[in-house]
Amino acid sequence: MSTTTVAHHEEHADHPSGIMRWLTTTNHKDIGTMYLTFSLIMFFIGGSMILAIRAELFQPGLQLLNPEFFNQLIGVHALIMIFAALMPAATGFANWMIPLQIGAPDMALPRLNNWGFWLLPPSAILLTLPFTLALFGIGDGALATGWTFYPPLSVQGGIGVDFAIFAVHLLGISSVLGSINIIVTLFNMRAPGMTLMKMPMFAWGWLITAFLLVATIPVLAGAVTMLLTDRHFGTHFFDAAGGGDPIMFQHLFWFFGHPEVYILLLPVWGFIPQILETFSRKPMYGYKAQVYSLWAIGALAVVVWAHHFFTAGMPVPALLYFMYSTMAISLPLAVLFFCWIKTMWKGSMSFETPMLFAVGWIILFGIGGLTGLVLADVAADAQYHNSYFVVAHFHYTLFAGGIMGIMAGTYYWLPKMTGHMYSEKLGKLHFWLTAISFNLTFIPQFFLGLAGMPRRIPDYALQFAEFNMISSIAAFVLGFSQLLFVYNIVSCARGGKKATDQVWEGAKGLEWTLPSPPPYHSFTEQPIIK
Amino acid sequence: MVCSVNVYNMASLKETDALTAKQQIDLKNKKLVRKLIWVVIGSSLFAFALVPLYGVLCTLTGLNGKTNNTAAVLSTAKVDNSRWVNVQFTTNVMPGLGWNFYPKQASIKLHPGKIETVIFIAKNTTNEVVIGRAVPSITPGIAAANLKKIECFCFVNQSLKPGEEKEMPLRFFVSPELPKDISDMTLSYAFFPAVK
């Protein structure tokens, strides 16, 4: 791409300016930027909630928060991090990068895309509004059931539950719209010659994610709708007195909830191999094996849900089925791990920030996966269920496996998106601070869980004091080092060393053939893939 | 999925030779969106279909310890004097009922096939008439189908006047078909405020 083409494109970038540009935009890059910005803001809101919790847990006894408020923070922290931070970040990258990676001029359904994003801010407001309302004496605060909405507690809860139910409805509609858009884009908008098996891995990860979302989000929407009618319209889906069953909610919820784990992770499993091949300067190992493994995991994801509530009571054959099918997921996952490592094997590796995050991600996500295998064991789970072991496990998968993956992607694509290089020095500092404080936060929680500290309780026995103190201090370091991340992104967006088109020496793929930043309208002539 | 996409790729090309490339893509997109919306509608319906499915599954397998809430026919099977089964009782009163409720005996040892009667006692501690409904559940769930109730206060709503105390009988037997490895079971009753 020469500079004249850039100039040519700039002329056509006629869009309204100011706020109207962002409200009415149908441009995939603008929408991607909005998703990513929204995600970053919500990451800090969700993060500050958990810092309040860690401050309370710094010492045994009740110091800062009353238990009701503590419970509300726990549930809203989870919902925000899952639905408003991690999922929008992945969708933001999808919007930015999928059209560039497959040589499409834009997403297939640009207006739907705009609507999909603008449903998010209202739902974030719905989630957090009850906190503010409670200050004015309306209602008793936000959802206090934990993010899982289990009845009968959620049937008895205050208006916070209703707000959360409607927020989940909006978030669900938003992600279903986003998924439909991504599926249609990937099936119909690929550049001529790019067969499905030539798609970049990120596109594959998102394709399977999108199918999982379309298939399971409606089940969650249905379950919370039943909860709503149980609360207000006299139905008894989950009320044993009326012939219902509270355990059924757990089945419905986790039928969505377990695939949700892979919804959060599959996009990351998509772009991490691309980062690894870039900085190892050799082609990705086992492309086909990785694609088939992604499909296998996507398929297994919807048939293993009941391992989230082994202790709720199930016949032994059911326990065994859910245990073995859960453990079976580790087989395709092991194939993926093997391919990731083999991609780096004997490569001429260099460790820029994205690569640091990617390599650290493999190790930390590996710990998350292995501790999951422990929890899948029915006999062991009886002890670990609802303990801090579980909390540490899913933070290894969702913070390390999810958010640190997203950070790797951010550093990887930031020069492409902004046209400037970020500060490598600050990036590396951010990585080391994050990786070390993350481990110091959650390794003690494994031990706390093994020793029997239950999750979601604002107070604890004296014997847990030291580990909680370490965990709280590290959590604050972890939280505040994310300010470096924001500073680096903002200063990179404002200026800095010009990035080349290819940005990274070993980068391959269509997005690196465009100028950095790419013009407002890219690939109006589709490239041909041979 | 891969195959079907290729098929209609070709089909739409034939039908729409006259259209511009942009219109063709729009048409293809619309078709695929329509299909995907059907998937969304399908999985929404599936969520609600799971409710009756779950009920059927629980009754068939005893999952969750659900038992039939209707009277079983009298035992015609021979009493199996060769083994003992220990049936324990536990009770809960759910919020909003205001009753005391407990079994007269904590457990009973019986031979499979033998009909026994156990008395539960309920007392209304409030000063108004309260209607309640007991919901049974059996552990282990796999044994649920083998506990046969002939007469139970849980079959119908129970009404207690202010301060009234009532003996509530349960007549039941354990079917001799109870799997050999089960020697203990727990029958739990949760008393709920009756649904109006």
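In chain B, 75% of the contacts between residues at least 6 apart in sequence join residues at least 24 apart, where two residues are in contact if their C-beta atoms, placed from the backbone, lie within 7 Å. This is a predicted model, in which local features need pLDDT of at least 70, side-chain atom pairs count only at pLDDT 80 or more, and totals for chains, interfaces and linings use all residues. Residues are numbered from 1 along each chain as its sequence is written, while chains are lettered from A and ligands numbered from 1 in the order in which they are written.

Chain B has two helices and nine strands, which are DSSP runs numbered from the N terminus (helices: H or I, at least four residues; strands: E, at least two). Of its 196 residues, 26% are buried, that is, with 20 or more other C-beta atoms within 10 Å of their own C-beta atom, placed from the backbone.

Where chains A and B meet, chain B gives 32 residues and chain A gives 31 residues. On the side of chain B that touches chain A, α2(B) supplies the largest share, 17 residues, and the classes are as follows.

| Class on the side of chain B | Number |
|---|---|
| Nonpolar (Ala, Val, Leu, Ile, Met, Phe, Trp, Tyr, Cys, Pro) | 22 residues |
| Polar (the others, Gly among them) | eight residues |
| Charged (Asp, Glu, Lys, Arg) | two residues |

Notes:
A residue is buried if 20 or more other C-beta atoms lie within 10 Å of its own, exposed if 12 or fewer, and partly exposed in between; C-beta atoms are placed from the backbone.
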